[in-house]
Structures are given as structure tokens and as C-alpha cells.
Amino acid sequence: MAISKFQIYDYWKDKAITNKFEIKTKSACTEGDDAIPITEFPDEIFCWACQAPPYKQGAHRTLSGLWNRDTLLQRAHILAKSLNGADRPENYFLLCPQCHAESPDTTDAKLFFAWVRYKRLHDNYFAALQRDMKKAAEIMGVDQDAVMERFAALRLTRPEEDAYIRDHIVKNCAMHSSFIAPLSRMMILQKWILDPVEQKKFAAWRSALPAAEPGVKDLA
Ligand SMILES: [Zn+2]
């Protein structure tokens, strides 16, 4: 039987990566380890390297159901099978498709953990979105500052508006399981911001929204 995602989670849930790229249990880490925990909350799914969240996360009654039915994460070998990596939970890590393709495949597990630490600290999903926002503007030949100004001018404050835009992105990007590559998202987002027809549609939809409930916090 293949090792399940939940078995992998169960092994790693109490572990952290130190600044010397060693694995320790969270409770054994000292301040000097400057350790990064691999997971935070048991029911929170994200890539263990870049921290990309799933686009959709289903509700499940059990924790094992939640992990085993997740469609974002892939089981990545730390030491490849061809390099005699064991088929055991400690030799697997849960990564999004992009990170899985990028992850080091060498004979040295420490290089893998050094890479995970680097992704967490310097090259995570949020950094990728920002970088790809810029890249999308370059590819599309538009002025990024002007796009951002227009986006800010929309003054989005409500979760429904956020959901509307996410929905538009999902409809216009291929989803690899529950993952949409940041560059695709950013290209569609910029196209949406700049498209007068889409903006008219959005404005009409927005004006038909029921008034926000009193006490709803302004998200801006
Ligand atoms: Zn990732």
C-alpha cells in the first residue's frame, strides 16, 4: 500500500527545520535553531515549501479524510527511489506541483531541507504572486503601476468581491488539481482589471449587491 498523505502529515506534524537544515521535533528546538515548523494547524493544507494554499479545500469529517482527499499536494520523495530512498513517511514531503518539479533530487537530504527553508523565507507563494504580477505586466506589455492604480481605485472591501474575482480567475485558468500557477492567475487578473467590458460587468454586479451588514469590518 502506498504511503498516504495523512501518514506523511502524521510523521511531520511535530517536526521543524533548523538553520543548520536539520530536522528536530518542535519541542526539542532551541531559540538558536531559528527553526521553521513544517505544519502549523492540523486542518490547514498548504505547500510545505512555498506555502501555496489550495484553491478549494473540501470539508471532511476526519483529519485523515481531509489530508488524503486533498488535491493540491503531491507526495515528493526527499531521497529519490532511484537513489535508494525508502518508501516510508519520513522520506516524503507534501509539495504543490510547482515546488515538486523544482525540489532538489540529490543524494543529500540536507540540500532538500535547505531548499525548503529558502522557499519558506525568500521564495514563497506570496513572493511568487508579486513577482509574477510584474512578470505578467512585462509579458503583456502593460504599465504595472497603472494596473495597480486601477486595481486600488476599485476599493475592494467585501469578501463577495474577492470571491467574484477568484471565480473569474478559476473560470479562465486551467486548474492542475486545485492549483493555478501564479503567473496564470496574475495574467488573468491584469487582463480583467484592464478590460472595460469586464469592469462594466463587475460594476453592474456590484451595484446589485445587498448593502453590507453593519459591523462588517472594512478589509481594505
Ligand atoms: Zn509550493
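Analyst: Here is a walk through that helix pair, followed by its surroundings.

Keep in mind that this is a predicted model, where local features need pLDDT of at least 70, side-chain atom pairs count only at pLDDT 80 or more, and totals for chains, interfaces and linings use all residues. Residues are numbered from 1 along each chain as its sequence is written.

The pair is helix α7 (residues 159–172) and helix α8 (residues 182–194). Helices here are DSSP runs of H or I with at least four residues, strands are runs of E with at least two, and both are numbered from the N terminus. Two packed helices are described by the angle between their axes and the distance between the axes. For α7 and α8, the axes come within 10 Å and cross at roughly 120°. Those axes are lines fitted to C-alpha atoms over the stretch in contact, with angles running from 0 to 180 degrees between N-to-C directions. The crossing is right-handed, meaning that the near helix is turned clockwise from the far one by less than a right angle.

Who does the touching? On the α7 side there are His 168, Ile 169 and Asn 172, and they meet Arg 185, Ile 188, Leu 189 and Trp 192 of α8. Being in contact means that two C-beta atoms, placed from the backbone, lie within 7 Å. By type, this contact has four nonpolar residues, two polar and one charged. Nonpolar covers Ala, Val, Leu, Ile, Met, Phe, Trp, Tyr, Cys and Pro; charged covers Asp, Glu, Lys and Arg; the others, Gly among them, are polar.

Buried means 20 or more other C-beta atoms within 10 Å of a residue's own, exposed means 12 or fewer, and partly exposed is in between, with C-beta atoms placed from the backbone. After α6 comes Arg 155, with a positive phi near 45°.

Zooming out, the protein is divided into domain 1 (5–122) and domain 2 (126–207), bounds that come from an automatic or database domain assignment. Their C-alpha centres lie 30 Å apart. Eleven residues of domain 1 are in contact with ten of domain 2, and the domain 1 side divides into seven nonpolar, three polar and one charged. Overall, the protein has nine helices and five strands, and buried residues make up 21% of its 220 residues.
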